[in-house]
Amino acid sequence: MAGLPDQIKALAELSPVEDLMLALLREGLPGIRVQSLIAKDQKFPLVLVRRAPTFGEWNGDTRFVDSALVTVHTFCEDPDGDEDAAILAEAVRVVLRDAWLRQKVVPGRGHITRAEINSAPRRATDWATSTGPVQYADLPVGVWRYETTYQIEIRRPRSRPYAQPSP
């Protein structure tokens with residue numbers, strides 16, 4: 001058997017926070033690659049969205065609200081890659097704020113009920129920020145990265161993200 005049985009998938013009430021963020025940012029940033037994984041032959045500009053690990057208490061509500069620390073990386077190439085990556089980080093902030101204030105619903109994914117910057121955009125010199133002794137590889141020459149951390153709260157969708165199996 002490949003994959004999960006439908007009755008198991010139907011138990012899920014929340015979907016991955018990255019799925020909601022990808023849908024909102026792809027719609028709000030036309031012409032920009034918005035992904036949650038880096039491709040082998042990555043092209044730029046790029047917005048990379050990932051849920052960050054949290055240590056301690058989860059602030060969601062088990063019935064209605066997911067709470068997530070989300071890291072958004074923006075990558076741009078020269079000329080002006082440094083400035084462009086910073087501007088792209090600001091554009092991401094505006095898209096997320098507007099989605100929150102307008103209660104933009106993504107079917108099957110929910111909507112943002114709160115979006116706050118936890119760590120303002122900052123320039124970074126490698127592919128990802130290491131929190132341990134292992135450092136990541138340098139960015140390609142002429143590519144710049146900015147990293148921003150958001151605290152996001154998501155109201156679950158009205159309908160479950162995965163369909164109920166037919167009887």
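Student: Which residue does arginine 123 stand opposite in β5?
Tutor: Arginine 123 stands opposite tyrosine 146 there. Keep in mind that this is a predicted model.

Student: OK, and how many bridges join β4 to β5?
Tutor: Ten, and the two strands run antiparallel. β5 covers residues 143-155.

Student: What holds paired strands together in general?
Tutor: Strands of a sheet pair through backbone hydrogen bonds, in either a parallel or an antiparallel way.

Student: Zooming out, what's the strand order in the open sheet?
Tutor: The five strands go β1-β2-β3-β5-β4, and the pairing is mixed.

Student: Which ones are the edge strands?
Tutor: β1 (33-35) and β4 (111-124), since each pairs on one side only. On average, neighbouring strands in this sheet are turned by 20 degrees against each other, ignoring direction.

Student: New topic: which strands does helix α2 touch?
Tutor: Helix α2, residues 17-28, packs on the sheet and touches β1, β2, β3, β4 and β5. Its direction makes about 155 degrees with that of β2.

Student: And what about helix α3?
Tutor: Helix α3 (residues 81-101) also packs on the sheet, touching β2, β3, β4 and β5. The angle between its direction and that of β5 is about 10 degrees.

Student: Back to strands. How many residues of β3 are buried?
Tutor: Twelve of its 13, so β3 is mostly covered.

Student: How is β3 joined to β2 and β5?
Tutor: Six bridges join it to β2, and 13 bridges pair it with β5. Both pairings are antiparallel.

Technical notes: Residues numbered from 1 in each chain as written. Predicted model: local features only at pLDDT ≥ 70, side-chain atom pairs only at ≥ 80, totals over all residues. Heavy atoms only, no water. Pairing = 2+ DSSP bridges. Helix = DSSP H or I, 4+ residues; strand = E, 2+ residues; numbered from the N terminus. Axes fitted to C-alpha atoms, helices over the stretch in contact; angles between N-to-C directions. Contact = heavy atoms within 4.5 Å. Buried < 20%, exposed > 50% of the residue type's maximum accessible area, 1.4 Å probe, protein only.
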